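I have put together a few points to read alongside the model.

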Amino acid sequence: MNAYFDGYIHKKTTLKQFVEQYENALANKVESENELDKLEKQFQSTYANSKFQEFQKQFFGKFDCLCSKTKECDIVSEYEVQEWITFGEEEEKKRKQVSFSVNFNSETNETHCNCRLFEFRGMVYKHQLMMWCQRGIQKVPDKYVLRRWCKNVKRVHTKVRICYDKLSTSIEAHRHDNMCNLFNEVADLAEESQEKYDMVFEDKRKIRTFFRRKLTSSQVCYFLTNTKVQI
């Protein structure tokens, strides 16, 4: 009940004010549910069924969370999201409330939570979803809809060479195998220092951006050599 009427009533609210605010709270709930439907449809139309089901768990899990703004600085707002977490064995299950800090950028609609579960798992988490709903966002930024979970992505395992599969001897499979070997070698060398790591990541972002623009190989080489690109 506290979560439902949060921001509408307080301990000094009169009965008359309660009736008026009840209607406002109900209207806001209907509007929020419509916005949630749009968020859900965005992922449903893009993600494969298994990943969409994983998204839905987070989508409905946000109802275990309470959200309140703590401070605002220019375009960035900071919120506290409290989540009820269940832990322990079946017979001794306990619940406790854990607080997380979520930042929201009103210019880009990007969110960042100190749980960092999106960075670790690649799936938007309930804390972020709570924030987008709180702000009335109907479509999340593309960076949160990862290509590797999409229905139409070409899976990497189809390029792995298998001794009894004739298709595994294709030119594309050889190219993929050679690139993986090269990238693994670069990763081993770059992990030695932060400077090398940053350099590899910067070049990787540039190359990815160029290929998404569908430039030719010669154009990619020219830009990598002669320009500095802001990604």
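The numbered points below go from the overall fold to the core and then to individual residues.

1. A reminder before anything else: this is a predicted model. Its secondary structure comes to seven helices and four strands.

2. On the chain as a whole, buried residues account for 27% of the 231 residues. The protein exposes about 16900 Å², and carbon and sulfur atoms supply 52% of that area. If you take the contacts between residues at least 6 apart in sequence, 45% of them join residues at least 24 apart.

3. The largest nonpolar core is worth a look in the viewer, with its 32 residues. Phe-43, Tyr-47, Phe-55, Val-124, Met-131, Trp-132 and Val-140 have the most contacts inside this core. At least two core residues come from each of helix H1 (15-44), helix H2 (49-61), strand S1 (65-73), S2, strand S3 (94-105), helix H3 (117-121) and H4. The largest share is that of H4, which gives five residues. As general background, nonpolar side chains in soluble globular proteins tend to be buried together.

4. Is Lys-126 buried or exposed? Its relative accessible area is 12%, so Lys-126 counts as buried, the limit being under 20%. Lys-126 sits in helix H4, which covers residues 126-134. Setting aside residues up to four places away in sequence, the contacts of Lys-126 are Gln-58, Gly-61, Lys-62, Cys-65 and Glu-83.

5. With a relative accessible area of 34%, Val-76 is partly exposed, because the value falls between the 20% and 50% limits. Apart from neighbours within four places in sequence, Val-76 is in contact with Asn-103, Phe-104 and Asn-105. For a distance to check in your viewer, Val-76 and Glu-110 are 34 residues apart in sequence, and their C-alpha atoms are 9.6 Å apart in space.

Technical notes: Residues are numbered from 1 along each chain as its sequence is written. This is a predicted model: local features need pLDDT of at least 70, side-chain atom pairs count only at pLDDT 80 or more; totals for chains, interfaces and linings use all residues. Side-chain values use heavy atoms; hydrogens and water are left out. Buried means under 20% relative accessible area, exposed over 50%, partly exposed in between (1.4 Å probe, protein chains only). Contact means heavy atoms within 4.5 Å. Accessible areas come from the Shrake-Rupley method with a 1.4 Å probe; for residues, only the protein chains shown count as cover. A nonpolar core is a set of buried Ala, Val, Leu, Ile, Met, Phe, Trp, Tyr and Cys residues joined through side-chain atoms within 4.5 Å.
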